[in-house]
Amino acid sequence: MTSFQFEHLFRAPSVAAVFAVYTDRAHTADQDREVDIAEREFLEFVDEPTRFRRVSRVVPRRQLPAFVRPFLSGGLSFVETVDWDKAGDTISIEIRPSILGGRAQIHSTYRLVQDGPGAVRRIYAGSVEVDVRLVGGRIERAIVDDLGASMPVSAAVTQAWLDRASA
């Protein structure tokens, strides 16, 4: 298992303002374009007063590293499940890649905390587990590296949305 944590400080009036952007379908579409997602199919979308749940099948445009391809059959996709109990300021995220017959999974939390006036800190932390002898750790590190590359891009999209909302 490989753990990760990425943090970003948003210029935002409140935690609620960031969550409002995060749950907007148009914002998701903008983020997908910027992080090179070819397709997102919403399998479930629930936005109620006390909870938010989004289950999506996602197909990225990017290719997997060459050393991973021998372990695959078909293209890369994943099912992403996002659950937010609105009473708390944390979203649980589970990502199940199509690769490796269910032997790969990503569990994470997306937590927001007020970090002074006009600042909200996002803490995205979790773990990647790939159950493949000899190369599982290497695949886990490649996934974490990919997450690390996409997080600043998605944060920039979110910040642009927040800036437009406050203008």
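A salt bridge is a side-chain nitrogen of Lys or Arg within 4 Å of a carboxyl oxygen of Asp or Glu. Welcome to a predicted model, in which local features need pLDDT of at least 70 and side-chain atom pairs count only at pLDDT 80 or more, while totals for chains, interfaces and linings use all residues. Residues are numbered from 1 along each chain as its sequence is written, and side-chain values use heavy atoms, leaving out hydrogens and water. Across the whole structure, a search finds 14 salt bridges.

**A pair between two loops**
- Arg61 and Asp36 join their side chains in a salt bridge, at 3.6 Å from N to O.
- Arg61 sits in the loop between β3 (51-60) and β4 (78-85), and Asp36 in the loop between α2 (25-34) and β2 (37-47), so this pair ties together parts 25 residues apart in sequence.
- Those helices (H or I, at least four residues) and strands (E, at least two) are DSSP runs, numbered from the N terminus.
- Arg61 is partly exposed at a relative accessible area of 46%, and Asp36 is partly exposed at 32%.
- Partly exposed lies between buried (under 20% relative accessible area) and exposed (over 50%), using a 1.4 Å probe and protein chains only.

**Two further pairs**
- Arg96 and Glu94 form a salt bridge through their side chains, 2.7 Å from N to O.
- Arg96 is partly exposed at 34%, and Glu94 is partly exposed at 28%.
- The side chains of Arg121 and Asp115 also meet in a salt bridge, 2.7 Å from N to O.
- Arg121 is partly exposed at 24%, and Asp115 is partly exposed at 31%.

**A network**
- Salt bridges link Asp32, Arg40, Arg54 and Glu80 in a network.
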